[in-house]
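Please keep the sequence and the structure in view while reading.

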Amino acid sequence: MGEREKSKEILDALVIENWDNPDVLAKVMNLRYDLGEEESASAYLNMLKQLSPEHPNVLKMEGVLAEKTGNFQEAIALYVASMKKDPEDMSVIRNLAQVFYRQKMWDQYIGHLRTALEHHPNDPYLLERLGSILVTCPDPAWRNTREGRDYSERAFIHTDSRSMTLVSAGRSLALAYAELGDKQNAWSVINMTLNVARRENVSPGYQDELTEIARRIQAL
């Protein structure tokens, strides 16, 4: 609701009442960071290091800070350690996935997504990410078009998929169908995906890319 000062008052009161509870302090730290109060979040991080240095949120926040300073190997190690203690934390799952992707560590990226799906077997973000990388991985050695099609389809028809997840899944699904020689389904999916992209005001550049994919499919 935009009442940032009220939020701070509530968080401060929580800290006073729970100064020795690492779980509460960790949640307050995360909220402070989400509010853009990095200095305050760092102060809570230092408190938590003293109180519970192996807390999964401590490891996660240290990973965030390592990633921000470009220490990607350290960030990976910290995120992995955090996940071992709390394998269901979607924020650390996403953070680690993004580092693997940006560092082009395809083997680790794919393995990480598979592991995450063991804990969140129907999460549309994870389904889309795994499907897309299996269909479009820059290193052909890691592609598996049929399996990627199946994951992309699950994300594409998922009722909880957000607009960009839906569009990305549709793009990968259409490409998979085209690669497998199923022009009819490829054409149907890419047109549905374009309609969603236009309705959701996806960036013009992305819409142009989808239009180009549709042109290539039509020419098959």
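## The second largest pocket

The structure shown is a predicted model. In its second largest pocket, the lining residues fall into six nonpolar, one polar and three charged. These residues are V135, R143, T145, L175, A178, E179, I213, R216, I217 and L220. Two helices, α10 and α12 (204–218), each contribute two or more residues to this lining. The space in the second largest pocket amounts to about 190 Å³.

## The largest pocket

The largest pocket has a volume of about 270 Å³. Its lining consists of 14 residues, and those nearest the centre are Y101, E128, R129, S132 and S168. Sorted by class, the lining of the largest pocket comprises six nonpolar, five polar and three charged residues.

Which element supplies the largest share of this lining? Helix α8 does, with six residues. Both α8 (124–136) and α10 (163–179) provide at least two residues of the lining of the largest pocket.

## Helix α5 and its surroundings

Helix α5 covers residues 72–85, 14 residues in total. From its first C-alpha to its last, α5 reaches 20 Å, close to the 20 Å expected at 1.5 Å a residue.

Which residues of α5 are buried? They are A75, I76, L78, Y79, S82 and M83. An α-helix has 3.6 residues a turn, so residues three or four places apart point the same way. Among the elements that cover the buried residues of α5 are α4 (56–68), α6 (90–102) and α7 (106–119).

## Salt bridges

The model contains eight salt bridges. One of them joins the side chains of E147 and R114, with an N to O distance of 2.7 Å. This pair connects distant parts of the chain, since E147 belongs to helix α9 (residues 145–156) and R114 to helix α7, 33 residues apart. E147 counts as partly exposed because its relative accessibility is 22%, and R114 is likewise partly exposed, at 33%.

A further salt bridge forms between R171 and E209, whose closest N and O atoms are 2.7 Å apart. Here too distant parts of the chain are linked: R171 lies in helix α10 and E209 in helix α12, 38 residues apart. With a relative accessibility of 33%, E209 is partly exposed.

R199 and E200 form another salt bridge, in which the closest N and O atoms are 3.5 Å apart. Why does R199 count as exposed? Its relative accessible area is 57%, and exposed means over 50%. E200, by contrast, is partly exposed, with a relative accessible area of 38%.

Definitions and conventions
Residues numbered from 1 in each chain as written. Predicted model: local features only at pLDDT ≥ 70, side-chain atom pairs only at ≥ 80, totals over all residues. Heavy atoms only, no water. 1 Å grid on protein atoms, 1.4 Å probe; cavity = no way out; pocket = protein on both sides within 12 Å on 5 of 7 lines; lining within 4 Å. Points joined across faces, edges and corners; volume = space filled by probe spheres on them. Helix = DSSP H or I, 4+ residues; strand = E, 2+ residues; numbered from the N terminus. Nonpolar A, V, L, I, M, F, W, Y, C, P; charged D, E, K, R; others polar. Expected span 1.5 Å × (residues − 1). Buried < 20%, exposed > 50% of the residue type's maximum accessible area, 1.4 Å probe, protein only. Contact = heavy atoms within 4.5 Å. Salt bridge = Lys/Arg side-chain N within 4 Å of Asp/Glu carboxyl O.
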